[in-house]
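Let's take a walk through some aromatic and nonpolar side chains. Have the structure open and follow along.

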Amino acid sequence: MTKNFKLSSVAAVLALVCQPFSAISAEQETADNSSSAPKTEKIEQIVVTGTFSGKAVRKVDAGYAISNFSEDDIKKLAPKSTADLFKAVPGVWSESSGGVAGANVFVRGFPSTGDAPFLTVQLQGAPIFPPPTLSFLENSSIFRLDETVEFMEALRGGTNPVISNGQPGLTTNFLLKEGSEDTEGKVKYSTSDFGLQRFDGVLSGALADDLYFMIGGYVKSSPGVRDAGFNAEEGQQFTINITKELDNGKINLYTRQTDDHGVWYLPAPINAPGVDNEYVQIGTNNRQATIQYGPDNTSEAFDFGDGRGWKGSVSGGSVELELDNGWDLVDRFSYTQGDANTLGLVPNDNAVALSSVADNGATAIGAVTGTEYAGDTMVQQIGRWVVKKEIEAFTNDLALTKTFDKGSFTAGYYNSTYQSKDWWSIGNQAYHVVETGGEMLTGIDCNDNADSCGWNYDINSVGDGTTRAVYGALSYEVTDKLTLDGGVRFEQHEIEYTVDEGLTGSISKAVSYDENGTSWTFGGNYSLTNDSGIFARISNGSKMPYFDDFRDNFDDYTNGEDLIKDVRQYELGYKLSKDNYSVYATGFFNEVEGDLEVPRPGEPAVVRTTRAYGVELDFTYYNDDGFSVSLNSTLQDTEILKGEDEGNELQRLPKWQVRITPSYEYEFSNGMLATIYGTLSAVGDRHSSNANIDEQELPGYEKVDLGVIFDVTDEVQVQFAANNLTDEDGLTEGDPRDALSSNARYILPRSFDFSVSYQF
């Protein structure tokens, strides 16, 4: 298959669209628990994330906003990365156009300049890395989707500030498949029009009485959705999950070993000829380069084709016990260790005509091919950025719950230690030709006779952190319809951090930080009927500072600032779950004090207070005729209340976004089942910076994804998916280092994926 694959050839089979996202967690039960129940038989949706005790509750009874996505839902979304899946969560704006890692994820209008400071990713209920974001590392970068994932839950706001690592924004919890008495498995081969080769496998069953296993993983290779001319995305992953069922609970142990990386897609000069949504800076003629760093101008060669990735492991487990006299104990733990490096070619300033920078005022020579380029050739400073990051973390979360006639009380203790060892050399600019794989030039003074055509920033740092928290929560049934709950968290946050800026061998900044914080939440849930209700909640939480916050804001820290972002949230929600449709709507209001923005390393920070309010909608409908549709949308308004750019809207956040996903199932006379599905996504205009410059506004766009799944037999399934069918040139962000430049990042171009799987 090639990029010129004609749309007409798929139009006949990709007519319309998609089975509803059932949003059913691992625990499901029909009204009569019968497998022969009609399709519209009521299905209880069960959630586990966000409960103080860690035990499951009905989604319609939860006093907070949570969405869940089953294995089938994830399959139909066909996400290109973990962060790509988050687009399906109401209230979330995910910029997943950077490749397999390095996304920017925004939550409910919370301010951010990039990465994902208000996102925590959990595996089996435990954070995979307690700091939500470090520079060049957000949580989704160290988690890869595959066939071992059973479902995902996404909790916004709610009880988040009190439980787990105290994340006030979004917590996504991925749960692995578990074995059963029956031995079963799946093998799957996937390919694409961009040369993907991927093999997945999963196997589960029983090892002994009440002892179950699941093993699985993948191996893959491809040039990437944007063809870099070499295998730019390569990786493999292997997961083991062991579960022991007890008379009064269960014990679970798992490990997930990953080595996966891909080219880092960056903003491009969109006003330059030949630059579109398939453009990528890196290629054969520039992937290898030598940079100089440190006071002695040490030279070292790197392969920038390695891009961003994760080579490491996430291991852990849980113990869940039902004790006597209404007591329950849940303990979850996780250990993460590995390397999350970033190597990439980063644009600096606008693209210009070669004649304006060439030594002779006309032409220059390609450093690799020897080609003489004419004066009207577009060139741009490209930085060769190297970030080596070695991380380690251990987390334990213990909760003890007492259940009584009218409610329950939970007491918990959370303890995490984490470390990051960083080595950076960023900047290292040189003029390159603006084309995919554009080579560096000679005949330009700063290319030939200087360390860099622009700024450089080099560091060597070590950071260690410890977060300890005790929390307590009470839930009480005031009447058979009204339940109130409240929780409080006392946290101690310690950071030890040293930085050698300039790679001189001497410490230039040292931090020894010890602060306490208190977070709380109070909510009420009122059941209108057995399948509908309303909830209200107020929460006060915080985002504690981590290593990079101290380096970027060192003067503020030394002047006594605690660098804590205080977050106040208000929520009001309505829930309705009927036999063949469900509606979940949540209104939210939040205010963040102490938001910090550092446009470029070494520049002073800007401090702001911001607010946002809006509405999230999550709707699903399905019927006995095989038709279904789901809709999620977000309307929000943001404003900078205090600080620079006061009165402006927050950068990169759309006022509205909507995703509608219809689906239709059709059974052929020979018994084969076809599911035709798709998604229409639409997003409004956004500002590329907090300055709200009209000329730098990011226009809204629409994106269409279509697909079809054929259940050829009970064992064999074939899937064909088209991503960005109309090849929309949507933009997700401008240049975060220079809002006035013409650099911006496109969404991923049109691509077609095909897979065939055998289940046994």
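Predicted model: local features only at pLDDT ≥ 70, side-chain atom pairs only at ≥ 80, totals over all residues.

F668 has a ring partner, Y666. How is a ring pair like this described? You give the distance of the centres and the angle of the planes. For Y666 and F668, the centres are 5.0 Å apart and the planes sit at 85°, so this pair is edge-to-face; the label needs an angle over 60 degrees. Y666 is partly exposed too, at 43% relative accessibility.

That pair belongs to a count of 21 aromatic pairs. Elsewhere, ring pairs join F136, W264, W385, W424, W455 and Y457 into a cluster.

| Charged residue | Ring | Distance from the ring centre |
|---|---|---|
| K59 | Y584 | 4.3 Å |
| R198 | Y218 | 4.0 Å |

Now turn to the surface. A nonpolar patch there is formed by V187, Y189, F199, V219, F754, V756, Y758 and F760, and together they have about 670 Å² of accessible area. Strand 13 (184-192) and strand 46 (751-759) are the elements that each give two or more residues to this patch. Which strand gives the most? That's strand 46, with three residues.

Finish at Y758, which you'll find in strand 46. Its relative accessibility is 42%, so Y758 counts as partly exposed.

Notes:
Residues numbered from 1 in each chain as written. Heavy atoms only, no water. Patch = residues over 30% accessible without salt bridge, like charges linked within 9 Å, V, L, I, M, F, W, Y side chains within 5 Å. Areas by Shrake-Rupley, 256 points an atom, 1.4 Å probe, with all protein chains shown as cover. Salt bridge = Lys/Arg side-chain N within 4 Å of Asp/Glu carboxyl O. Helix = DSSP H or I, 4+ residues; strand = E, 2+ residues; numbered from the N terminus. Buried < 20%, exposed > 50% of the residue type's maximum accessible area, 1.4 Å probe, protein only. Phe/Tyr/Trp six-rings, centres within 6.5 Å; stacked < 30°, edge-to-face > 60°. Lys NZ or Arg CZ within 6 Å of the ring centre and 35° of its normal.
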